[in-house]
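Take a look at the model below. The tour starts with a convention and then moves through the chains.

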Amino acid sequence: MSAVGAVFLVAAALIVLALVYFLVSTILALRKITAGLDEVIAGVSEIVEKSAPVNGVVNAINAQLDAGVELLEGLLVQKAGMSDALGLVDGIYPGAAAAGFRAFSDSPTHQAPRIGEVYTRGTLSLARLGREAPIAALSPAGAVLRNVEGGSLAARSLYPDVRHTTPEKLPTSPVIGAGAPVQYEQREDIGAPRKRLPAKPS
Amino acid sequence: MLWVAAIVLLVVIVPVVVYLLNGVLQAANGIVGSVEGIAVVAAAGSKDLDAAALLLTTSEQVEQTVAGLANYGGSLDVILDDAEPAR
């Protein structure tokens, strides 16, 4: 064999060795990729399977909640009137009056009274239910009625005072028996024949 | 001439072949890491969705709540007077 042939042979052998080493390594890597993709497919299949009913369930929940919202809004508007209803909702959820009610397309055009600035939330709800409180009696452009720092005390003024103060001290129960502070002796005349008064002289 | 060809084969062709094969192998190894990461995330996502079955309970609870709300609203409708018509 000539020297040139030997060089060719060595070069060919190196190329073949490189091909074998790298191709075998690539095959092993591709097998790992295949195994990993199998795990991915299994996981994604589980995700698809588990999330399949979610859409229908969420739509059902949304439909139920929409029905509840329409019911409450309709009842509130019917009982409180559109303007006060907007004021009540805006007092609890600031900015909600601008969005209006779903079932009442003209509700955003109404002027919502500043009920939330006049009463606390709890008072707001109870007073509205009582239908006696002068909610938004003043112009919305007027000064705020409620003292913000003393809002709780201001709200209490809507209710009878007796509900917020200690009841008057009631008399204690009497002590009876041998330990009683006042002992009453039995009168001898009780149960005895009534004394007969002497006859008046005629 | 054969000497030149032999030297070119040994000095140029062999390194180019090795370089290209090495690039393929590195890319394949890079994909392995990414696929393993995706498999872990997919398994975690699947596990997170285990709670999705509770949505059925939530749906039932919402339905019962809205039904109770409707009954309560009906009672309120009877108890409370309607608002006075706007002047």
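A crossing is called left-handed if the near helix is turned anticlockwise from the far one by less than a right angle, and right-handed if it is turned clockwise. The model is predicted: local features need pLDDT of at least 70, side-chain atom pairs count only at pLDDT 80 or more, and totals for chains, interfaces and linings use all residues. Residues are numbered from 1 along each chain as its sequence is written, while chains are lettered from A and ligands numbered from 1 in the order in which they are written.

Start with the two chains. Chain A has seven helices and zero strands. Its elements run α-α-α-α-α-α-α from the N terminus on. Chain B has two helices and zero strands. Here helices (H or I, at least four residues) and strands (E, at least two) are DSSP runs, numbered from the N terminus. Burial is counted by neighbours. A residue is buried if 20 or more other C-beta atoms lie within 10 Å of its own, exposed if 12 or fewer, and partly exposed in between, with C-beta atoms placed from the backbone. Of the 202 residues of chain A, 17% are buried. In chain B, buried residues make up 2% of the 87 residues.

Now bring the chains together. Two residues are in contact if their C-beta atoms, placed from the backbone, lie within 7 Å. The contact between the chains takes 43 residues from chain A and 43 residues from chain B. On the side of chain B that touches chain A, helix 1 (2-48) and helix 2 (54-79) of chain B each give two or more residues. Helix 1 of chain B supplies the largest share of that side, 24 residues. By class, the side of chain B that touches chain A holds 31 nonpolar, seven polar and five charged residues. In this scheme Ala, Val, Leu, Ile, Met, Phe, Trp, Tyr, Cys and Pro are nonpolar, Asp, Glu, Lys and Arg are charged, and the others, Gly among them, are polar.

How do the helices pair across the chains? Axes are lines fitted to C-alpha atoms, for helices over the stretch in contact, and angles run from 0 to 180 degrees between N-to-C directions. Angles under 35 degrees count as roughly parallel, over 145 as roughly antiparallel, 65 to 115 as roughly perpendicular and the rest as oblique. The axes of helix 1 (residues 3-51) of chain A and helix 1 of chain B come within 8 Å and cross at roughly 10°. These two helices, helix 1 of chain A and helix 1 of chain B, are therefore roughly parallel to each other. Their crossing is left-handed. The contact of helix 1 of chain A with helix 1 of chain B divides into 36 nonpolar, eight polar and five charged residues.

The second pair follows. The axes of helix 2 (residues 54-80) of chain A and helix 2 of chain B come within 9 Å and cross at roughly 15°. Helix 2 of chain A and helix 2 of chain B are therefore roughly parallel to each other. This crossing, too, is left-handed. Residues of helix 2 of chain A, including A:Val57, A:Ile61, A:Leu65 and A:Leu72, meet residues of helix 2 of chain B, among them B:Leu55, B:Val62, B:Val66 and B:Leu69. The residues of this contact divide into 17 nonpolar, five polar and two charged.

Next, follow chain A past helix 2. The axes of helix 2 and helix 3 (residues 82-92) of chain A come within 7 Å and cross at roughly 125°. That makes helix 2 of chain A oblique to helix 3 of chain A. The crossing of helix 2 of chain A and helix 3 of chain A is right-handed. A:Leu76, A:Val77 and A:Ala80 of helix 2 meet A:Met82, A:Asp84, A:Ala85 and A:Leu88 of helix 3. By class, that contact has six nonpolar, no polar and one charged residues.

Helix 3 of chain A is largely enclosed by the rest of the structure, because 10 of its 11 residues are buried. Among them are A:Ser83, A:Asp84 and A:Asp90. The largest nonpolar core has 12 residues, including A:Leu86, A:Val89, A:Phe101 and A:Ile115. Such a core is a set of buried Ala, Val, Leu, Ile, Met, Phe, Trp, Tyr and Cys residues joined through C-beta atoms within 7 Å. Helix 3 of chain A gives the largest share of this core, five residues. Leaving aside neighbours within four places in sequence, A:Leu86 is in contact with A:Ala97, A:Ser107, A:His110 and A:Ala112.

Finish at A:Arg114, in the loop between helix 4 (96-99) and helix 5 (115-118) of chain A. A:Arg114 is buried, with 21 other C-beta atoms within 10 Å. The C-alpha atoms of A:Arg114 and A:Asp90 are separated by 7.9 Å, with the two residues 24 apart along the chain.
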